[in-house]
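Please look over the sequence and the structure before reading on.

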Amino acid sequence: MDPAKRASVGALSEVRDDVRSETHLEEQVKDWLRYGEDLGLAPYYRDRAPLHAIESATARVESHNVATASTSSAAVPAAMAAAAPGRVPAAPINVAASPSASQKPATTSTILPATAPSLFEAIERIAGDTLPRIREDIGDCTRCKLHKGRTKIVFGTGNPNADLMFVGEGPGRDEDLSGEPFVGRAGRLLTDMIKAMGLQREDVYIANVVKCRPPENRLPEKDEITTCSPFLMRQIDAIKPKVICTLGSCSAQTLLQTAQGISKLRGEWFDFRGTKLMPTYHPAYLLRNPAAKPEVWKDLQKVMAVLGLQPKKR
Ligand code: SF4
């Protein structure tokens with residue numbers, strides 16, 4: 001067979017294959033339609049909305065969701081949006097018009113601010129919250145991995161109406177066994193510090209960032225702090241102290257949402273959601289470095305000046 005004839009036979013055979021495959025496809029489609037008819041699906045295919053109508057309905061739902069989300073963010077009380085030092089305040093949220101009853105699409109698009117509220121700025125105050133209610137909400141907590149090694153939850157102790165609140169990082173061995181914060185050697189030093197300020201331990205409130213003992217007395221990890229610290233926030237909101245004194249780096253960094261070291265932070269006043277906050281060294285650090293005691297005393301004297309306290313007479 002000459003090459004031209006061979007080429008035309010090949011082309012004819014390809015066309016036949018295509019026709020066979022199209023016929024096969026057509027048969028398959030017919031089979032599917034018959035199957036759909038048998039299942040009673042014909043009305044669905046006949047009556048379904050045109051694609052553009054579905055797209056427009058979806059757009060309406062999405063606009064509504066965005067508008068609703070924006071409205072609830074805007075409902076966060078202004079006091080809670082107070083910026084922690086070193087943070088850029090969250091920009092005002094551009095609230096889109098709420099959809100009307102006729103599901104009119106929102107006309108203004110809403111973009112969340114690039115700087116989202118911090119963990120604590122985003123936590124709403126619970127009206128009428130109380131320490132017993134917070135303790136009840138903690139329950140026999142298993143929200144983070146620290147529950148596995150704890151003996152007792154160390155909730156906090158002291159005057160529920162205290163003007164001064166101390167915040168440490170987490171319970172140690174003695175605290176884990178007793179359920180009381182700051183009862184070991186470091187706790188006894190804290191008690192001495194409180195007395196030196198002219199107060200009794202019962203006059204102040206003492207709590208930690210996490211309520212269960214981290215293994216080997218390590219620092220609490222980020223996920224543990226994130227899970228547990230909202231309870232501390234609620235405790236602060238319920239007590240409403242005039243001054244918070246953070247002990248060590250963990251509590252200062254947690255409440256101030258900063259990575260700065262305690263040696264940079266200590267001795268300076270910070271604003272924490274409307275409450276004065278003074279970071280100082282942890283008593284456990286003072287046990288290892290007694291030379292730092294005068295610095296802590298200077299910090300405590302600043303606290304005393306704000307609270308109008310006189311040092312204990314010897
Ligand atoms: S540390 Fe806090 S969040 Fe974690 S288990 Fe204990 S109480 Fe619950």
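**Cavity, ligand and pocket**

The largest cavity has a volume of about 110 Å³, where a cavity is a set of points, on a 1 Å grid over the protein atoms alone, at which a 1.4 Å probe fits but cannot get out, and a volume is the space filled by probe spheres set on points joined across faces, edges and corners. The model is predicted, with local features needing pLDDT of at least 70 and side-chain atom pairs counting only at pLDDT 80 or more, while totals for chains, interfaces and linings use all residues. Residues are numbered from 1 along each chain as its sequence is written, and side-chain values use heavy atoms, leaving out hydrogens and water.

**Largest cavity**
- Its lining (residues with an atom within 4 Å of a point) comprises 15 residues, of which Cys141, Arg143, Cys144, Cys212 and Cys228 are the closest to the centre.
- Helix H7 (residues 222-239) gives the largest share of this lining, three residues, helices being DSSP runs of H or I with at least four residues.

**Ligand**
- The ligand sits in the largest cavity, in that more than half of its atoms lie within 2 Å of the grid points.
- Among the residues surrounding the ligand are His147, Arg150, Lys211 and Thr227, each with a heavy atom within 4 Å of it.

**Largest pocket**
- The largest pocket has a volume of about 670 Å³, a pocket being an open set with protein on both sides within 12 Å along at least five of seven lines.
- Of its 27 lining residues, Glu169, Ala186, Asn217, His282 and Ala284 are the closest to the centre.
- H10 provides the largest share of the pocket lining, four residues.

Conventions
Helices (H or I, at least four residues) and strands (E, at least two) are DSSP runs, numbered from the N terminus.
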